[in-house]
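Good morning, colleagues. Please turn to the model on the screen, and I shall begin with a single residue.

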Amino acid sequence: MEDLIRQVTTALKGMWRFRWYGVAVAWVVTIVGVAVVMRIPDRYEADARIFVDTQSILKPLMSGLAVQPNIEQQVVMLSRTLLSRPNVEKLIRMADLDLKVKGKEEQEALVDSLVTRLEIKSTQRDNLYTLAFQDPEPEKAKKVVQSLVSIFVDSSLGANRQDTVSAKAFLDEQIKGYEAKLAEAEARVKEFKLRNIELQTADGQDSAGRLAQVAAQLNQARLELREAERARDSARAQLSNEKDSSADLVTKSLLQESAISVATPEIDARLAAQKTNLDTLLQRFTDQHPDVISTRRLIAELEAQKQKEMAELRKTAMATAALPGGSTNSLAYQELTRMQAATEVTVASLQARVAEYSARYAQAQALMKTAPQIEAEAAQLNRDYEIHKKNYEDLVSRREAASMTGELDSAAGADFRLIDPPRVSAKPVAPNRQLLLPVALLAGLAAGLFIAFALSQLRPVFHAAGDLRERFGLPLLGVVSAVVSDQQRRSERASLMRFSLASGGLVGLFIAGMIAMTVLGA
């Protein structure tokens, strides 16, 4: 904060050295600004008010059947129509504004100037339109507003009927075109359906849906076939067990002998490998070598394991051979035979079903190669047909609405009433000199301060010893103070007095001028 205060103080001291330049620039800029403001020509405003009566009992009755633009749409339409270039050129001719125009460029400049100065003000609640125009010549402004009112009323009368006729003609032309397009689309859809009649289904499924449906049916049939095959295999196994249980005693004895002659091939292979390893070790080492001892111990363990497993296998074989059998003519055997026959029939029927679904699936897969293109063509044909049909129906309904709208406008059109005729203000409405003149004074003061500050920056001085030391970074040996005499003090006071008179005189003279202008204006 102290650095900021020090910088501001230094800047003010520097500006004080060039205060007379600032005062001179402030006087010059203020005088020039006041002269410019006073030379701005006065502008007078002419205006007129028009009331548009759009209320009618027929409009609520025809709501939904005819087009009824709201007030906002009417305001936009009227403003755009009134300020269009043809209307502005017509306005120039009616108000005799082209008498002093000598070339095309002046004509264009005049049109652009009128477009920017013409105003259309509306109050949406009361349907009141105010037409206003400003110009240095009061009679000219009034004449322009009178011409503008005439153009406004003339352009509004009959405009709706002309728009209705144009809209009906356009809609009739479009309807004829869409009738031809709709007939062509219907013919293309008919030819496509006849050409691809085999792909059409009652439920309207596409190729992917049909393929998924056939695949689901095929998977279900395969599942049922596997279930039937499992049932058939189970019946066969039970029937085989029933047959095996009724074998004779000779078969039992054979089975018993074969069961007794069991073998352990895995253990035998391991024993043979260990014995071969033992022979190799004995050729290299003695009987007391640790590897020889461990190998012999492993061989002994394998032989004991072999004897144990052979004993268990013999017991199992004897127990299996001792099971009792039955007669092949038992009720269980007959029931199993009937069950097997039934499962064979079921398996056969399911195999036929799976074959049929497999053929359908293969056919659907083959159609999938061409189906997307056909379906895309069908979708495009249907889309074009639906678009043409929708546009055709919309155009027909809008043509009927346009006809009723034209009849409604003829029966209950808008009524334009001139509420206030064109008149010109007694006093100028622009420019606002009481606002512009203080701006000129502020601009002069700002220019004076800027000049003083700029000169202080271009020709800087050091007001403190610390600033000099910080600027050059060198040690300061000493400071010589200035001795101000009485004559110099009197000279400085006189200079300060002259500066105060010059600055205060500018502000006081300006205030006196503002007061005099206000009194004279009143």
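Is Thr295 buried or exposed? Thr295 is buried, with a relative accessible area of 6%; buried means under 20% relative accessible area, exposed over 50%, and partly exposed in between, with a 1.4 Å probe and protein chains only.

Before I continue, this is a predicted model, in which local features need pLDDT of at least 70 and side-chain atom pairs count only at pLDDT 80 or more, while totals for chains, interfaces and linings use all residues. Residues are numbered from 1 along each chain as its sequence is written, and side-chain values use heavy atoms, with hydrogens and water left out.

Thr295 belongs to helix α12, residues 290-321; helices are DSSP runs of H or I with at least four residues, strands are runs of E with at least two, and both are numbered from the N terminus. Setting aside residues up to four places away in sequence, Thr295 touches Gln274, Asn277, Leu278 and Leu281, contact being heavy atoms within 4.5 Å.

Leu278 and Leu281 are also among the buried residues of α11, together with Ile267 and Leu271. These residues cover an arc of only 85° around the axis, which puts them on the same side of α11; the arc is that of the directions from the helix axis to the C-beta atoms. On the face of α11 turned away from its buried side are the exposed residues Pro265, Gln283 and Arg284.

As for its dimensions, α11 spans residues 265-284 and reaches 29 Å from first C-alpha to last, close to the 28 Å expected, that is, 1.5 Å times one less than its number of residues.
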